[in-house]
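Hi everyone, thanks for coming. Today I'd like to walk you through one structure, and we'll take it piece by piece.

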Amino acid sequence: MKLSFFIAGFLLFSFNYTLAQTDSLATKSFKELEDLYIESIYTSHKKAKVYADALYTIAQKGTDRKRISKALYRKGYINFKLGNTKEAQEYTEASLKIAIAINDLELLLQNYTQKGNIFLVIGDYLKAIEGYLKAKEIAKQTANFRDLITLSYNIGLIKKQIEDFSGALHDFKNNLTEIEALKSSSYDRLEALNCLALADTYLRLENTDLADLYTTRGLQKTSREKYVELHTDLSLSKVIILFQQKKYQQSLDLMLSLKKVMHDINSKQKLSASYLYLGKNHLALQNLSLIHISEPTRLGMIS
């Protein structure tokens, strides 16, 4: 009886809290919500989705087509990050349609890039490269360094997927050279992204030493507090490297330390990778244990 009362009370509290949160967001301006969305996008996808939904609700109440397109793009982005590719495509296409109508270069670039990202994950590399090349033409017009480096990175990802490893390595290394030349901490995230891509490419080429070098460099440029997903991806890379170096206990310990953040990020792909390497490390340690147990017996039989 007491337990039922506690559960009912907890549910009522949660419901009232949700209502209060929704009401508080309703009083915020479009700019305030957008700032909250941007602040949360690298740390909590769940929070970012709440802000993206609120942005769209506010945008729909007005007639500003740029705001509506922005809100649709934000919804597309967060759904993509949450693995909802169908919804991501729908919101991105809706945003792109408006961006074309109002000829907004920034929104055109963002949506073509996002289309490329979605098709890359789906595995349709031809459509992905089409999206990236359209975005690159716009980036050349605006001469935005960050956009040009991001698109070069994205095209490198496609080369990696189709196993043009030398082409991918060239793109990622060239990006790092250009970022280094600027000597600005504002590009730390881009530097870490390219380090991660290099590490993954070298892992596919079975060059663990170079994979470790770039993983370490990437981790030095980011933190779990600032860029939780990117830091987690780099940590996963380290898990794989430690496993390949046969440092199974270290690999397992690192994987276990990422367990909570993995569930918070709620990425199916990352969770699959984590379960895979939990299993691989447990099996490797179990096999090592069996070898150590059986070795004295074999030696005893020989003598």
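Let's begin with the lining of the largest cavity: Met255, Lys259, Met262, His263, Ser274, Tyr275 and Leu278. By cavity I mean, on a 1 Å grid over the protein atoms alone, a set of points where a 1.4 Å probe fits but cannot get out, and lining residues have an atom within 4 Å of a point. Helix H14 (259-265) and helix H15 (268-302) each give two or more residues to that lining; helices here are DSSP runs (H or I, at least four residues), numbered from the N terminus. By type, the lining splits into four nonpolar residues, two polar and one charged. For that sorting, Ala, Val, Leu, Ile, Met, Phe, Trp, Tyr, Cys and Pro count as nonpolar, Asp, Glu, Lys and Arg as charged, and the others, Gly among them, as polar.

A quick word on where this comes from: it is a predicted model, where local features need pLDDT of at least 70, side-chain atom pairs count only at pLDDT 80 or more, and totals for chains, interfaces and linings use all residues. Residues are numbered from 1 along each chain as its sequence is written, and side-chain values use heavy atoms, with hydrogens and water left out.

How much space is in the largest cavity? Its volume is about 50 Å³, where volume is the space filled by probe spheres set on the points, and grid points are joined across faces, edges and corners. The second largest cavity holds about 40 Å³, and its lining is made of Gln89, Thr92, Glu93, Lys115, Ile118 and Phe119. H5 and H6 are the elements giving two or more residues there.

Now, the core. A nonpolar core is a set of buried Ala, Val, Leu, Ile, Met, Phe, Trp, Tyr and Cys residues joined through side-chain atoms within 4.5 Å; buried means under 20% relative accessible area, exposed over 50%, and partly exposed in between, with a 1.4 Å probe and protein chains only. The largest one has 41 residues, and Tyr132, Phe172, Leu198, Tyr214 and Leu230 touch the most other members. H10 contributes the most to this core, with ten residues.

Which residues does Tyr132 contact, leaving aside neighbours within four places in sequence? Among them are Tyr112, Leu120, Leu151 and Ile158, with contact meaning heavy atoms within 4.5 Å.

Last stop: Asp264, in helix H14. Asp264 is partly exposed, at 40% relative accessible area. Its C-alpha atom is separated by 8.3 Å from that of Lys46, 218 residues apart along the chain.

Technical notes
On a 1 Å grid over the protein atoms alone, a cavity is a set of points where a 1.4 Å probe fits but cannot get out, and a pocket is an open set with protein on both sides within 12 Å along at least five of seven lines; lining residues have an atom within 4 Å of a point.
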